[in-house]
Amino acid sequence: MDVRLRSDGTSECPECGLPRFPIAVDGGMVALECANRHRAMAPLPSDAAQRRVVRSWVARKGAQLHTQHERWETEDDEGD
Ligand SMILES: [Zn+2]
């Protein structure tokens, strides 16, 4: 499934209509989560400015959602 990020780095959650925010960047993918904790993955944008927006969301959200981030990392078998 292909999730598109808007220019502000968010994307609308199809399940509840709230915006999903980037909470982690891993292996060229962005992990997004809405206020109802619906999750999605999207490809990291090719545009440098948009990538910066995404990383800025992650920096703000990462501290609060550290536990979820660790859960995602266990699902990611890319890398090693
Ligand atoms: Zn949702």
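1. The pairing of β1 with β2 is antiparallel and runs over 2 bridges. Strands count as paired if DSSP finds at least two bridges between them. Within this pair, Ser 11 has Arg 20 of β2 as its bridge partner, and Glu 12 lies opposite Pro 19 in β2. The two strands make a hairpin with 6 residues between them, and Gly 17 in that turn has a positive phi of about 85°.

2. The basis of this note is a predicted model, in which local features need pLDDT of at least 70 and side-chain atom pairs count only at pLDDT 80 or more, while totals for chains, interfaces and linings use all residues. Numbering starts from 1 along each chain as its sequence is written.

3. The protein chain holds 2 helices and 4 strands, arranged along the sequence as β-β-β-β-α-α. Helices (H or I, at least four residues) and strands (E, at least two) are DSSP runs, numbered from the N terminus.

4. β2 also pairs with β3, in the antiparallel sense and over 5 bridges. Here Phe 21 has Glu 33 in β3 as its bridge partner. The β2–β3 hairpin has 2 residues between its strands, and Gly 27 in the turn shows a positive phi of about 60°.

5. Taken together, the 4 strands form an open sheet in the order β1-β2-β3-β4, with antiparallel pairing. β1 (11–12) and β4 (39–43) are at the edges with a single partner strand each, so one side of each has no neighbour in the sheet. Strands of a sheet pair through backbone hydrogen bonds, either parallel or antiparallel.

6. Of the 80 residues in the protein chain, 20% count as buried. A residue is buried if 20 or more other C-beta atoms lie within 10 Å of its own, exposed if 12 or fewer, and partly exposed in between, with C-beta atoms placed from the backbone. The largest nonpolar core has 10 residues: Leu 5, Phe 21, Ile 23, Ala 24, Val 30, Ala 31, Leu 32, Val 54, Trp 57 and Val 58. β2 (19–26), β3 (29–33) and α1 (48–62) are the elements that give two or more residues to this core. Such a core is a set of buried Ala, Val, Leu, Ile, Met, Phe, Trp, Tyr and Cys residues joined through C-beta atoms within 7 Å.

7. Leu 5 is a core member from the segment before β1. Leu 5 counts as buried because 22 C-beta neighbours lie inside 10 Å. Leaving aside neighbours within four places in sequence, Leu 5 is in contact with Thr 10, Ser 11, Val 30, Ala 42, Pro 45 and Gln 50; contact means C-beta atoms, placed from the backbone, within 7 Å. Leu 5 and Gln 50 are 45 residues apart in sequence, with 9.0 Å from C-alpha to C-alpha.

8. Val 54 belongs to helix α1 and is buried, with 25 other C-beta atoms within 10 Å. Residues up to four places away in sequence not counted, Val 54 touches Gly 9, Pro 22, Val 25, Val 30, Leu 44 and Pro 45. Val 54 and Val 30 are 24 residues apart in sequence and 7.9 Å apart in space, C-alpha to C-alpha.

9. On the chain as a whole, among contacts with a separation of 6 or more, 45% join residues 24 or more positions apart.

Notes: Contact = placed C-beta atoms within 7 Å.
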